Amino acid sequence: MTASSTRRTTVARTRTAAVGAIAVAGALILTGCGDQTDSGGSTKESASSSSAPLFDKLPAKIQKAGVIKVGTNAEYAPMEYQEGGKIVGVDPDIAAALGKQLGVEFQFTSGSFEGLISSLNSGRYDVAMSSITDTKARQEGLDEDGKKLGPGVDFVDYFTAGTAIYVQKGNPKKIGSIEDLCGQKVAVQHGTTYEQALQKQSAACTKAGKKKLTIEAFDNDTEAQTRVKSGGAVAGVNDYPVAVDIARKADGGNAFEVVGEQVDAGPFGIAVNKDNKELTSALEAAVNAIIEDGTYKKVLDKWGAETGAIDKAAVNGGK
């Protein structure tokens, strides 16, 4: 989700996570409770086969299963969303490409964003891949106040994005930047890094002698969008690629527009249990392989997400 994530440049839609995203561990500030289930997004393009170039790098358990179980929150088009009963988007397509390098199938299951990391660490999923912003807090299992919530996770960074602001079409309140939100009501999904970005901005508003933000946090992003559309909130915040997609598609492009510049750009990462270093290393190698062979660029171009491209995978590159 996005404040610490990155969808860049001029705002024109990542849990940045900011989302921003979110505190980590037990119930990390992510967005998704792993108990909800819309599943069925498996990347069938990949096949379990020892002939795949990076198959031997995988843990023996995953080699034997032929599957990597992926937790996601499929509510963030174009990154991950449901269409015709299937989970589709940038992340599933990248996972399919990774699967070809690794010789296994990535099987996606959708749950609540907030529960993704706890479900990963409990063993329900092998990885979590859901526009999750890689932050130090999540790596260490800390909430926004620095309180230890759990063991944290490792991240294999594969994309970058930032927080974007979207408003009603026509921008009736003339919002041009995050600073213009002082004294206004702003809608956001709870547990995301972009909720944290708003909290940070609210403090900046009061420090500057202005009125603080009123942050209205919802369980899912659809509710936040509805609040903005109805005029109950002046603006919403989301990952840049997500905000752009919302503005392009909602009511045929007549409901919202994106304003201002991206804020707090940062990496999205595939979250992996800290005890599974072998899988982390295999995924890092696979991300680099699809970057080098051009598959990665084709996926991003397909979804209009090329501004989030990276040159090389990183492990725990978030700050």
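Reply: Two strands pair if DSSP finds at least two bridges between them. Helices (H or I, at least four residues) and strands (E, at least two) are DSSP runs, numbered from the N terminus. This is a predicted model, in which local features need pLDDT of at least 70 and side-chain atom pairs count only at pLDDT 80 or more, while totals for chains, interfaces and linings use all residues. Residues are numbered from 1 along each chain as its sequence is written, and side-chain values use heavy atoms, with hydrogens and water left out.

Me: Fine. In what order do the 3 strands of the open sheet come?
Reply: The order is 6-7-8, with antiparallel pairing. Strand 6 (75–76) and strand 8 (86–88) each have a single partner strand, so one side of each lacks a neighbour in the sheet.

Me: How many bridges join strand 6 to strand 7?
Reply: There are 2 bridges between strand 6 and strand 7 (residues 80–83). Glu-75 stands opposite Tyr-81 of strand 7.

Me: Switching topic: is strand 9 buried or exposed?
Reply: In strand 9 (residues 105–110), 5 of the 6 residues are buried (under 20% relative accessible area, with a 1.4 Å probe and protein chains only), so this strand is largely enclosed by the rest of the structure. Strand 9 pairs with strand 5 (residues 67–72) in the parallel sense over 6 bridges, and Thr-72 stands opposite Ser-110.

Me: And which strand does strand 13 join?
Reply: Strand 13 (residues 185–189) runs parallel to strand 14 (residues 214–218), joined by 5 bridges.

Me: Now the helices. At what angle do helix 2 and helix 8 pack?
Reply: Helix 2 (residues 90–102) and helix 8 (residues 277–292) pack at about 105°, and their axes (lines fitted to C-alpha atoms over the stretch in contact, with angles from 0 to 180 degrees between N-to-C directions) are 9 Å apart. That makes helix 2 roughly perpendicular (65 to 115 degrees) to helix 8. The contact (heavy atoms within 4.5 Å) includes Ile-94 and Leu-98 of helix 2 and Leu-283 and Ile-290 of helix 8.

Me: Which residues touch the most other members of the largest nonpolar core?
Reply: They are Ile-68, Ile-94, Leu-102 and Phe-106, in a core of 78 residues. Such a core is a set of buried Ala, Val, Leu, Ile, Met, Phe, Trp, Tyr and Cys residues joined through side-chain atoms within 4.5 Å.

Notes
Parallel < 35°, antiparallel > 145°, perpendicular 65-115°, else oblique. Buried < 20%, exposed > 50% of the residue type's maximum accessible area, 1.4 Å probe, protein only.
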